[in-house]
Amino acid sequence: MKQEDFSISLNQNETWRMDKLHFHESIELLLSLSDGGDFFIGQDMYPIQKNMLFLLDSAVLHRTVHERTDQPYRRYIMHILPAALDRLSTPQTDFGRCFRSAKTCTALDPRQMQELTELFRQLENASPPGRFGADVRQKILLMELLLSLCDIWQASEAESGIVNPDYERVAPVIQFLQSHFTETFSLDDLARQFSISKYHLCHIFKNVTGFSVMEYVIQRRIILARELLRQPISVQEAGERAGFQTNSHFIRTFSAYTGMSPKRYARQYMQGAKLTTLQDRKN
């Protein structure tokens, strides 16, 4: 188990807020120790409440919305690379498959919450690297945590997203964008598609989700481009297939959102280097 394969921390913020819609190269686990507003994940909205466990797959878009500011927000955050799950798996115990089939949001009972909180605490405070046996103890703790997570997911029901009139009106737009984000369309085209004025569409979309329509489209295109760049195709083709109209616009936008050029991203992936994008560093 390499040190960079996973990270874990106990975080507390007086006013917790994600600056923008984003995604990670790694899988993220968030164990909520207090209430914290709402969470947009993928295409659904969830309440952030104490004793909830969130699983965010690599490349899933997410952002906090309507954050609470009347009390500090506490949570454990863990990031783990999908490749690390594969290395820890066996033919009988496939952690990767367990994570891929797990629920996005799970409400924990008191026993489950106590068990996970203690395992997160022990793993965060594991012996420092370099001490004899520290790597083995860390690996044992990590596997105990992974086994507990899989047991909980298999025994629990998934939590439903938030249902309210505003989000019900926005949800079909998000679903449409998920299927058509590589296509060329304007806000006027989108407004006509849903029989709503462009200005009202932009207002309600931003108010409900915390981000703009075009921000969502761009992020979806970057995620697809990232996946395409991991294949042996050119930067220009990856940008075109992801929906960018010009190569220069693709390179400029990809670099601004990830902190590295598409060419560098593809090269580092092919070399097997750890990919830490600007979004990973900021969020």
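**View 1. Gly 272 follows α11.** Its phi is positive, near 80°. The model is predicted: local features need pLDDT of at least 70, side-chain atom pairs count only at pLDDT 80 or more, and totals for chains, interfaces and linings use all residues. Residues are numbered from 1 along each chain as its sequence is written, and side-chain values use heavy atoms, without hydrogens and water. Helices (H or I, at least four residues) and strands (E, at least two) are DSSP runs, numbered from the N terminus.

**View 2. Buried residues of helix α11 (residues 262-270).** Pro 262, Tyr 265, Ala 266 and Gln 268 are buried (under 20% relative accessible area, 1.4 Å probe, protein chains only). Seen down the axis of α11, they fall within an arc of 165°, so they line one face of the helix. The arc is taken from the directions from the helix axis to the C-beta atoms. Their cover includes α8 (213-229), α9 (235-242) and α10 (247-258), with contact meaning heavy atoms within 4.5 Å.

**View 3. Phe 40 and Phe 211 form an edge-to-face aromatic pair.** Rings of Phe, Tyr and Trp (its six-membered ring) pair if their centres lie within 6.5 Å; planes under 30 degrees apart count as stacked, over 60 as edge-to-face and the rest as tilted. The count comes to 13 aromatic pairs. Here the rings sit 4.9 Å centre to centre, with 65° between the planes. Phe 40 lies in strand β3 (residues 37-41) and Phe 211 in the loop between α7 (198-209) and α8, so the pair ties together parts 171 residues apart in sequence. Phe 211 is buried, at 0% relative accessibility.

**View 4. Phe 40 also pairs edge-to-face with Tyr 216.** The values are 6.5 Å centre to centre and 80° between the planes. Strand β3 holds Phe 40 and helix α8 holds Tyr 216, 176 residues apart. Tyr 216 is buried at 0% relative accessibility. Phe 40, Phe 205, Phe 211 and Tyr 216 form one aromatic cluster.

Terms used. Buried means under 20% relative accessible area, exposed over 50%, partly exposed in between (1.4 Å probe, protein chains only).
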